[in-house]
Amino acid sequence: MRIDVVTIFPGYLAPLREALLGRAIGSGLLDVAVHDLRDWTHDVHQAVDDSPYGGGPGMVMRPQVWGDALDAVLAADERPARLVVPTPAGRPFTQADAHAYAAEERLVFACGRYEGIDQRVVDHYADALPVDEISIGDYVLVGGEVAVLVVVEAVARLLPGVLGNPRSAAEDSFSDGLLEGPSYTRPEVWRDRPVPDVLRSGNHGAIARWRRDRALERTVARRPDLLAALPPDALDKKDRAL
Ligand SMILES: N#Cc1c(-c2ccc3ccn(Cc4ccc(CN5CCCC5)cc4)c3c2)n[nH]c1N
């Protein structure tokens with residue numbers, strides 16, 4: 001998979017080259033190119049923004065600069081691409097999106113700043129390729145770069161060979177529709193707090209039941225919306241007895 005990121009702050013994307021993602025890049029599983037939007041400006045001030053038509057707070061990013069940048073970036077590789085534009089007004093990004101994006105040959109991310117990017121940019125490219133305006137959560141950031149780091153990590157970990165243990169991705173939270181329960185490791189007792197006995201019993205059936213019960217309890221307490229979204233047959237009699 002090839003990933004391109006266009007931003008006025010290329011340094012914000014440096015973490016992509018660390019740790020797991022850095023190894024994925026080094027092993028050729030992922031090809032990442034970060035581009036400075038200002039390389040496509042032509043004025044001495046390298047202006048990328050201007051006042052909003054109709055008034056309102058802040059500045060809006062200019063369509064001409066984005067058009068020149070995205071034309072050049074898209075033309076640099078013949079693989080079909082999906083353009084992903086983080087925005088506070090975007091559709092919520094989900095684990096299902098991460099799986100869908102992991103199947104793409106190429107993702108191009110447009111990182112806005114200020115009040116966002118002139119809407120005509122999204123509208124223009126939507127005539128030529130798939131374009132997603134996504135949001136990573138109901139809180140307000142200052143730009144799209146952090147969202148790109150989140151999305152790229154969620155996608156890259158699903159690529160074959162990136163995670164050391166492929167079972168991790170297969171057994172993700174949300175993969176069975178529930179939050180995962182608590183995890184424990186050595187020591188057996190830490191600050192007078194023991195590991196639950198069942199986890200040391202060797203009784204795999206009891207362990208699986210205990211873990212399912214803890215996942216259900218946690219989901220009821222923290223994400224009742226996930227329970228409501230479960231298919232009717234997702235909970236068995238023992239689940240409902242909890
Ligand atoms: N993903 C994601 C995001 C973002 C995100 C993503 C991309 C950009 C580009 C610029 N900003 C800053 C910004 C902040 C607020 C507003 C709304 N206006 C404020 C006053 C009148 C309306 C517009 C832009 C961005 C924020 N924030 N939160 C998420 N989950």
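This note goes through the sheet, the surface, the backbone and the salt bridges of the structure above.

1. Basis. This is a predicted model, in which local features need pLDDT of at least 70 and side-chain atom pairs count only at pLDDT 80 or more, while totals for chains, interfaces and linings use all residues. Residues are numbered from 1 along each chain as its sequence is written, and side-chain values use heavy atoms, with hydrogens and water left out.

2. Sheet. Five strands make an open sheet, ordered β2-β1-β6-β5-β7, with parallel pairing. β2 (31–36) and β7 (131–135) are the edge strands, each pairing on one side only. From one strand to the next the twist averages 25°. Strands (E, at least two residues) and helices (H or I, at least four) are DSSP runs, numbered from the N terminus; two strands pair if DSSP finds at least two bridges between them.

3. Strand β1. Six of the six residues of β1 are buried, that is, under 20% relative accessible area; exposed means over 50% and partly exposed lies in between (1.4 Å probe, protein chains only). R2, D4 and V6 point one way from β1, and I3, V5 and T7 point the other way. β1 is joined to β2 by six bridges, and the two run parallel. The bridge partner of R2 in β2 is D31.

4. Helix α5. This helix (residues 145–156) lies across β1 (2–7), β5, β6 (106–110) and β7 and runs at about 165° to β6. Contact here means heavy atoms within 4.5 Å. The axes are lines fitted to C-alpha atoms, for helices over the stretch in contact, and angles run from 0 to 180 degrees between N-to-C directions.

5. Strands β5 and β7. Six bridges join β5 (residues 82–92) to β7 in parallel, and V84 has D132 as its bridge partner in β7. R82 and D132 also meet through their side chains in a salt bridge (3.2 Å, N to O). R82 is in β5 and D132 in β7, so this pair ties together parts 50 residues apart in sequence. Both R82 and D132 are buried. A salt bridge is a side-chain nitrogen of Lys or Arg within 4 Å of a carboxyl oxygen of Asp or Glu.

6. Other salt bridges. The structure holds 19 salt bridges. R82 has a further one, with E104 (2.7 Å, N to O); E104 sits in the loop between α3 (95–102) and β6, 22 residues from R82. In helix α7 (residues 204–222), R214 and E217 are three residues apart, about one turn of the helix, and their side chains form a salt bridge (2.7 Å, N to O). Salt bridges with shared partners join D176, R209, R212, D213, D236 and D239 into one network.

7. Backbone points to check. Most residues other than glycine have a negative phi, and most peptide bonds are trans. Y114 has a positive phi of about 55° and lies in the loop between β6 and α4 (119–126). D192 has a positive phi near 65° and is exposed, with a relative accessible area of 74%. The R186 to P187 peptide bond is cis, with omega near 10°; P187 is in the loop between α6 (166–170) and β8 (189–190).

8. Surface patch. F9, Y12, Y139, L141, V146 and V150 form a nonpolar surface patch with about 510 Å² of accessible area together. F9, in the loop between β1 and α1 (19–26), is partly exposed at 37% relative accessible area. Patches are made of residues with over 30% relative accessible area and no salt bridge, with like charges joined within 9 Å and nonpolar side chains (Val, Leu, Ile, Met, Phe, Trp, Tyr) within 5 Å. Accessible areas come from the Shrake-Rupley method with a 1.4 Å probe; for residues, only the protein chains shown count as cover.
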